[in-house]
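This report walks through selected features of one protein model.

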Amino acid sequence: MKIFKSMFRILVKLLQSKDLYLTKSLTFRGRQQVLPPNFDYVRFAMLGLISEEIEFNNIKGNVAELGVYKGDFAYRINQTFSKRKLYLFDTFEGFDERDISTERKMGYSTGDQDFSNTSVELVLQKMPFRNQCIVKKGFFPATAEGMNDTFCFVSIDTDLFDSILEGLQFFYPRLEKGGYIFIHDFNNDFYKGAREAVLQFCTSQGIAYIPIPDSGGTVILSK
């Protein structure tokens, strides 16, 4: 038993050094886990749980992701909300210079991370319900012009101040009561504009927010 405890302590310290933690999840929940464990378990599990709340409360509206990149989280959204339209907003060519200029001017980030190694087809190939996907390729919010849809869930993962603030200004008024918005990188010190955009929007609108300890420091808004 002493040997086991010593080995366990060594394992715990090793995991902590890699920013990995062992924890129980939904210990007293009778039904099966919403989503399987993985390297971003907190965010994926939160998505599953809020989807249950949306269905239980019969919340109307479709779903969207602003900032799709290679579609890994979009895949989860499409899988989870299989009966709803999924709008995919992205340049599919990486950061736009119009957003990067604010980042550098304000010192939020360097904006030099390359997200151009993606494409519409690469993303769509991952989607389990491809027929539900509506691609909006280009610079946001121009790509949303003329839309009159409403939403029960939105993921905003564009990293940069301008695009996150534009996303909140567009989607929150169109969010159904009882709906949710995930904003990635709120607690990411390499993209400080993400936090600033959320704080600025929430302060101006009197909206509360809930940070969660996923790998990217997501924050959740609800209506």
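## Helix pairs and loop residues

Helix 6 and helix 7 run roughly parallel to each other, because their axes cross at roughly 30° and angles under 35 degrees count as roughly parallel. The model is a predicted one. Helix 6 covers residues 161–171 and helix 7 covers residues 192–205, and their axes come within 8 Å. The crossing of helix 6 past helix 7 is right-handed.

From helix 6, the residues Phe161, Ile164, Leu165, Leu168 and Gln169 take part in the contact. They meet Gly193, Ala194, Glu196, Ala197, Val198, Gln200 and Phe201 of helix 7. Sorted by class, the residues of this contact are eight nonpolar, three polar and one charged.

Helix 2 and helix 3 form another packed pair. Two packed helices are described by the angle between their axes and the distance between the axes. For helix 2 and helix 3, the angle is about 25° and the axes are 11 Å apart. This pair is therefore also roughly parallel, and its crossing is right-handed. Arg43, Phe44, Leu47 and Ser51 in helix 2 are in contact with Phe73, Arg76, Ile77 and Thr80 in helix 3. The contact of helix 2 with helix 3 holds four nonpolar, two polar and two charged residues.

The table sets out the packing values of the two pairs.

| Helix pair | Angle between axes | Distance between axes |
|---|---|---|
| Helix 2 and helix 3 | about 25° | 11 Å |
| Helix 6 and helix 7 | roughly 30° | within 8 Å |

The loops come next. His184 sits in the loop between strand 5 (175–183) and helix 7. Is His184 buried or exposed? His184 has a relative accessible area of 12%, and it counts as buried because the cut-off is under 20%. The side chain of His184 makes a polar contact of 3.1 Å with the side chain of Asp157. Beyond its neighbours within four places in sequence, His184 touches Arg43, Ile156, Asp157, Ala194, Asp214, Gly216 and Thr218. Of these partners, Arg43 also belongs to the contact of helix 2 with helix 3, and Ala194 to that of helix 6 with helix 7.

Asn58 lies in the loop between helix 2 (41–56) and strand 1 (62–66). Asn58 is exposed, with a relative accessible area of 52%. Its side chain makes a polar contact of 3.4 Å with the side chain of Lys60. Asn58 and Asp90 are separated by 32 residues in sequence, and their C-alpha atoms are 29 Å apart.

Some backbone values also deserve mention. Most residues other than glycine have a negative phi, and most peptide bonds are trans. Phe92 has a positive phi, near 55°, and is not a glycine. Phe92 is located in the loop between strand 2 (86–90) and helix 4 (97–106), where it is buried at a relative accessible area of 4%. Asp159 is likewise not a glycine and has a positive phi of about 75°. The loop that holds Asp159 runs between strand 4 and helix 6, and Asp159 is buried at 7% relative accessibility.

Which residues does a cis peptide bond join? The bond lies between Phe140 and Pro141, with omega at about 15°. Pro141 belongs to the loop between strand 3 (133–137) and strand 4 (151–156).

Conventions. Residues are numbered from 1 along each chain as its sequence is written. This is a predicted model: local features need pLDDT of at least 70, side-chain atom pairs count only at pLDDT 80 or more; totals for chains, interfaces and linings use all residues. Side-chain values use heavy atoms; hydrogens and water are left out. Helices (H or I, at least four residues) and strands (E, at least two) are DSSP runs, numbered from the N terminus. Buried means under 20% relative accessible area, exposed over 50%, partly exposed in between (1.4 Å probe, protein chains only). A polar contact is a pair of N or O atoms within 3.5 Å; within protein, one must be able to donate a hydrogen and the other to accept it, and residues adjacent in sequence count only if both atoms are side-chain atoms. Axes are lines fitted to C-alpha atoms, for helices over the stretch in contact, and angles run from 0 to 180 degrees between N-to-C directions. Angles under 35 degrees count as roughly parallel, over 145 as roughly antiparallel, 65 to 115 as roughly perpendicular and the rest as oblique. A crossing is left-handed if the near helix is turned anticlockwise from the far one by less than a right angle, and right-handed if clockwise. Contact means heavy atoms within 4.5 Å. Ala, Val, Leu, Ile, Met, Phe, Trp, Tyr, Cys and Pro count as nonpolar, Asp, Glu, Lys and Arg as charged, and the others, Gly among them, as polar.
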